[in-house]
Amino acid sequence: MAVSFLPYFLILSFLSAIDAHSGMVGVNYGRIANNLPSPEKVVNLLKSQGINRIKIFDTDKNVLTALANSKIKVIVALPNELLSSAASHQSFADNWIKTHIMPYFPATEIEAIAVGNEVFVDPTITPYLVNAMKNIHTSLVKYKLDKAIKISSPIALSALANSYPPSSGSFKPELIEPVVKPMLALLQQTSSYLMVNAYPFFAYAANADKISLDYALFKENAGNIDSGTGLKYNSLFDAQIDAVYAALSAVGFKLVKVMVTETGWPSVGDENEIGASESNAAAYNVGLVKRVLTGKGTPLRPTEPLNVYLFALFNENQKPGPTSERNYGLFYPNEGKVYNVPFTKKSTTPVNGNRGKVPVTHEGHTWCVSNGEVAKEKLQEALDYACGEGGADCRPIQPGATCYHPESLEAHASYAFNSYYQKNSRRVGTCFFGGAAHVVTQPPRYGKCEFPTGH
């Protein structure tokens, strides 16, 4: 049933056409759930939306295999429970790279390894972090992968002793010499970036009496002046990132760049989770994406575009903890969207409602292609309609014509569906065919056949 939702999803189509001077937006693909689509279906969903960067929390064989040749870049992770082994034995790190990275790369475009996740939260594994990172990097060098694959380790904002005002940002003293400095030295040496997980939701929920909701949600607000620098902040997110930059400067690593590897807002929460709601989650993600696409940096680093990974792709029904933990998703497990997000600068899609069942207007160049997940009989029926009553120009897919090859039902249906879609001025609902088709934002590739666009 999930495939019927696919034509309506363009909420992330901006990702394939980000300007070189804009920031970058990716999505975290967490899988702590028992009702998610198969990795193959997830990759189809990602591709249909133009999502070209994801982050996963392991090196799952099925996921990495499904991502092969998809042109989707992925950050993988070495789990916290393996840190001590990776730190203690170079042979373990070597074997991990040979087993979990090399069989998939480069067909699967692994661009970074997150060594652990929020390690500083657990003091029992913190001492292993730097050696684990060093050994993993040594393995990458050994197998000549270090130029293509970066290493880092996502830190939570709880690693900071101070974060307000942003200019006072500093790491916890007990972490600086044993872990922070050697880790940053390694990142600088390898031209990697510091991964940071930043959630304005947590700061707002804990200080709702002091922090304006509009300030947390990128809405119009009076802003806050940093008494240390005189810089004005109009969003809590910017303030949090600049607190990290200030902390980096304070320990002598001003040149290390930052990537936000997790950020998001829950659409549902418990009664005591102030601010958790669908409208607030939509407002946060809408505001964040618009903010990133401006290409502007933070007040402290105005020329460095923001690079962020939204959390998360799906609601995950088996995550422990408060209700909010299971409700950060942009999509439901049936691939319907939790709320609409206008992920292009020009989009006017409403923020609330629709629940993934009403088509949205598609911006820019779009094409209509067949959905390979539907039954062949349904695909053939839709093709017959498009070429017959629908009036599509199906001459190019006749035997001997320019688009007859590849001779497959999926390729021929895609050409016919796109012809019908373009003929009808790409109006909403004209790329559906009962769930047999969906819109894409990149030119379809079937052999040497060129798919026409509308005017």
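**Nonpolar cores and salt bridges**

In this predicted model, the largest nonpolar core has 101 residues. Those with the most contacts inside this core are Ile113, Ile136, Phe171, Met183, Leu184 and Leu194. Helix 9 (residues 236-250) supplies the largest share of the core, nine residues. A second, separate core has 28 residues, including Val374, Ala392, Ile397 and Phe417.

The surroundings of Met183 can be listed. Neighbours within four places in sequence aside, Met183 is in contact with Phe120, Leu129, Val130, Met133, Ser153, Ile155 and Leu194.

Charged pairs were examined next. A search of the whole structure finds 12 salt bridges. One of them joins Arg31 to Asp60, with the closest N and O atoms 3.7 Å apart. Arg31 lies in the loop between strand 1 (24-28) and helix 1 (39-49), and Asp60 in the loop between strand 2 (53-55) and helix 2 (61-66), so the pair ties together parts 29 residues apart in sequence. Arg31 is partly exposed, at 26% relative accessibility. Asp60 is also partly exposed, with a relative accessible area of 24%.

Glu304 and Lys257 form a salt bridge through their side chains (3.9 Å, N to O). This pair links distant parts of the chain, 47 residues apart. Glu304 sits in the loop between helix 10 (278-293) and strand 13 (307-310), and Lys257 in the loop between helix 9 and strand 12 (258-263). Lys257 is partly exposed, at 48% relative accessible area.

A salt bridge also connects Arg395 and Asp393, whose closest N and O atoms are 2.9 Å apart. Arg395 is exposed, at 64%, whereas Asp393 is partly exposed, at 30%. Through shared partners, salt bridges join Arg31, Asp58 and Asp60 into one network.

Conventions
Residues numbered from 1 in each chain as written. Predicted model: local features only at pLDDT ≥ 70, side-chain atom pairs only at ≥ 80, totals over all residues. Heavy atoms only, no water. Core = buried A, V, L, I, M, F, W, Y, C linked by side-chain atoms within 4.5 Å. Buried < 20%, exposed > 50% of the residue type's maximum accessible area, 1.4 Å probe, protein only. Helix = DSSP H or I, 4+ residues; strand = E, 2+ residues; numbered from the N terminus. Contact = heavy atoms within 4.5 Å. Salt bridge = Lys/Arg side-chain N within 4 Å of Asp/Glu carboxyl O.
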